[in-house]
Amino acid sequence: MNQQTIDFIERDKAAELGGGQAKIDKQKAGGKLTARERINILLDKGTFVELDKFVIHQCHNLGMDKTFIDGDGIVSGYGKIDGRLVYVYAYDFTVFGGSLSRTNANKIVKVQKLALKMGAPIIAINDSGGARIQEGVGSLAGYGDIFYQNTISSGVIPQISVIMGPCAGGACYSPALTDFIFMVKGQSHMFVTGPDVVRSVTNEDVDKEQLGGAYTHSTKSGVSHFLGETEEDTLMMVRELLSFLPSNNMEDVPYMNTGDSPLREEESLNTLIPEDPSKPYDMKELINAIVDGNNFFEVMANFAQNIIIGFARMDGKTVGIVANQPAVQAGVLDIDSSDKAARFIRFCDCFNIPVITLEDVPGFLPGCTQEHNGIIRHGAKIVYAYVEATVPKVTLITRKAYGGAYIVLSSKHTGADVNFAYPGAEIAVMGAAGAVNILYRNKTDEEKAELTKNYEKQFSNPYRAAELGYLDEIILPSQTRAKMIQALDMTQTKIRTNPAKKHGNLPL
């Protein structure tokens, strides 16, 4: 072995140690994996190809000219997940606290551009102290370039962010621009300003977990889409998510032979929905019963739980599911659930994923809090998302579909391709009791009771909508899976284009 080879091997090994063994030991002592360990868990074994391994920073300010580390705190490259090409970059906290330099921003932008050019998903693993202060505006410019690529790539390739440690200040906005954010319980933190700044400006005394921990962002802010127990669990969830997604917006959804018969019937669904319309039931039971292998991959499971979103397979092909949850606030639509559903619908439309809507909704949540915080604007996002979406759209009304909520939730009027209802579905402006109280406010209680029964008989059923052609078919609950798959099969060749324009003006 000649000296050049020996020198290369030594430098290569040193580069893989990042900030050195002592820093790695400290990282491990804190219960965290290293950047390279994370990538190796995420990708198929032996497929990672690293780029820019020997890049170093170009800063000579504030003593930075005394320390140069190969890779400069970013591990980047490409590999495969389930045999499919993906790009990945991971912040290495052992090198200058994972801070972003102008140089390692260039590394990130390089893989972002490659991912866009090759039409492959990109995954960012964040564990960073933020901008490298010694570089000043050079580091900030690096963030700007990353944000630009995030935006240009949006809707073209799936972009996923995995927060494995701190992610503060400007660093938060790259994950926020990506499609999905994963966080690890008790380990991940995201905030625009940290607890110390908050304390000095607003006098609020909060710790980093309360301010921007994984639980906070998964339950209160809705910033995070997935919450993992450990780093390993979280990375496995990323792999599972990608199994549902095409690599880019020009591909069809992936197919997987699940061995589940498309004609399978579920007799249990005939008794799932209570006869009393005021009684709740769990919509997830219906979802699990009709999808392939009872495998539903829920998104944002802990946020705005009155609506359910997620991915599943029907006859082997990926679908996106949006469903009211009668077991939480009667499945009512509010600000958070509107935002949650609208963004998911738009993602599915970007990547050619058909949308199934399971509807049991009493309306929009009333009250000053909702009105003053803009329920009109937020609710309009769902209308916009459904109307704009050109993918196949199939809707099933399981029980209630009242008022404006009926219209916005993928009704025939807002562009659904196939609309089903169960025999017990109620499609009306409002519930019978509320309608009678408005129409016959001066009647006695006994008269109102009789009028309510008459109203229910006349309006609290799906037949009026079916007579007008607003429903394509009334089906038995046990037939749901087969009917859904037939509709998806029929609509898979759908061709619809919206009018030419630069872009619409979404009611943000």
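Which strands pair with strand β2 (residues 74-81), and how many of its residues are buried?

Analyst: Happy to. A word on the source: this is a predicted model, in which local features need pLDDT of at least 70, side-chain atom pairs count only at pLDDT 80 or more, and totals for chains, interfaces and linings use all residues. Residues are numbered from 1 along each chain as its sequence is written, and side-chain values use heavy atoms, with hydrogens and water left out.

For context, the protein has 19 helices and 17 strands (DSSP runs numbered from the N terminus: H or I of at least four residues for helices, E of at least two for strands). Of its 508 residues, 52% count as buried, meaning under 20% relative accessible area with a 1.4 Å probe, protein chains only.

Now to β2 itself. This strand is mostly covered, with 6 of its 8 residues buried. Strand β1 (residues 49-51) runs antiparallel to β2, and 3 bridges join the two; strands count as paired if DSSP finds at least two bridges between them. With strand β3 (residues 84-91), β2 also pairs in the antiparallel sense, over 8 bridges.

Finally, the turn: β2 and β3 form a hairpin with 2 residues between the strands, where Asp 82 takes a positive phi near 55°.

Notes. Buried means under 20% relative accessible area, exposed over 50%, partly exposed in between (1.4 Å probe, protein chains only).
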